[in-house]
Amino acid sequence: MAQDDDRWLATAYVEPAVFALRPDYRALLILADGLQPGPSDGTTEKILRSAEEGAVAEHAHLDAWRDAFRGFGAKPQRTRPSVDALIRRAPQGLPRIDRLTDAYNAVSVAHVVPIGGEDVDRYQGPLRLVRATGDEPFDTTADGAPAVEHPSPGEVVWRDDLGVTCRRWNWRQCVRTRITNTTTRAVFILDALGPMSDPDLASAGDALAAALRATSPNATLVSRKLGAPPG
């Protein structure tokens with residue numbers, strides 16, 4: 001399966017229009033297979049509490065992400081970058097969702113980096129980061145019922161062949177590919193801008209790998225970094 005994972009990661013890409021907006025953008029993709037899903041437990045409680053205790057209110061990486069959101073017309077006070085929203089919740093307690101989501105949320109707060117997790121087996125076609133046309137479907141919920149929305153034209157979104165998997169770079173994930181209690185194969189996306197150095201991004205990736213292996217000792221992981229082409 002590792003060869004299949006490598007091939008799938010190799011198809012992922014960021015379109016040039018995104019790099020034109022933020023040439024400092026990089027993504028670290030980590031694909032994990034053999035995960036053990038389930039409800040929050042003592043292992044994830046420990047890493048969440050550690051993240052809550054060390055959470056910082058302000059950071060240059062947060063400022064960069066707020067600027068990036070403004071760059072494509074989003075208002076970061078209303079639709080916050082995912083790590084910004086999590087850090088604001090830390091003093092009252094981070095959400096306890098499930099073992100896998102808890103693990104990447106804890107690393108996101110501890111390293112001040114947006115991280116998303118998606119069920120790879122629910123994808124159709126390659127993962128890619130693009131600027132939306134506005135026609136792409138985004139399946140979500142509204143008032144507890146299934147709903148389909150569309151991104152704003154020019155919005156930065158992750159998508160596959162079926163539609164948007166995450167709106168506004170890392171703001172909100174769709175229902176279709178979200179991690180559930182049956183997910184055993186997932187891709188984790190770590191989003192970095194200028195203030196986060198490549199070594200710091202790699203360190204966050206190592207922390208996520210350690211957190212995933214703490215919850216799923218037999219998991220196998222492969223990774224790939226995406227960045228603007230030279231020149």
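The lining of the largest pocket splits into 16 nonpolar, eight polar and seven charged residues; here Ala, Val, Leu, Ile, Met, Phe, Trp, Tyr, Cys and Pro count as nonpolar, Asp, Glu, Lys and Arg as charged, and the others, Gly among them, as polar. The model is a predicted one, so to speak of local features takes a pLDDT of at least 70 and side-chain atom pairs count only at pLDDT 80 or more, while totals for chains, interfaces and linings use all residues. Numbering runs from 1 along each chain as its sequence is written, and side-chain values rest on heavy atoms, with hydrogens and water left out.

The largest pocket holds about 740 Å³ of space. A pocket is an open set of points on a 1 Å grid over the protein atoms alone, where a 1.4 Å probe fits and protein lies on both sides within 12 Å along at least five of seven lines; lining residues have an atom within 4 Å of a point. Grid points are joined across faces, edges and corners, and the volume is the space filled by probe spheres set on them. Of the 31 lining residues, I97, Y104, W171, R172 and Q173 come closest to the centre. Two or more lining residues come from each of α5 (82–89), α6 (99–111), β3 (115–119), β8 (164–167), β9 (172–173) and β10 (185–192). These elements are DSSP runs numbered from the N terminus: helices are H or I with at least four residues, strands E with at least two.

Next comes the sheet. Four strands make up an open, antiparallel sheet in the order β3-β10-β2-β11, with pairing taken to need at least two DSSP bridges between two strands. β3 and β11 (220–227) sit at the edges with a single partner strand each, so one side of each has no neighbour in the sheet. On average, neighbouring strands are turned by 20° against each other, direction ignored. Eight bridges tie β2 (residues 26–33) to the antiparallel β10, and L29 stands opposite I189 in β10. Helix α6 packs on this sheet, touching β3 and β10, and its direction makes about 160° with that of β3. Contact means heavy atoms within 4.5 Å; axes are lines fitted to C-alpha atoms, for helices over the stretch in contact, and angles run from 0 to 180 degrees between N-to-C directions.

Most residues other than glycine have a negative phi. V112, in the loop between α6 and β3, has a positive phi near 50°, and R168, in the loop between β8 and β9, has a positive phi of about 50°. V112 counts as buried at 5% relative accessibility, and so does R168 at 17%, buried being under 20% relative accessible area (1.4 Å probe, protein chains only).

Terms used. Buried < 20%, exposed > 50% of the residue type's maximum accessible area, 1.4 Å probe, protein only.
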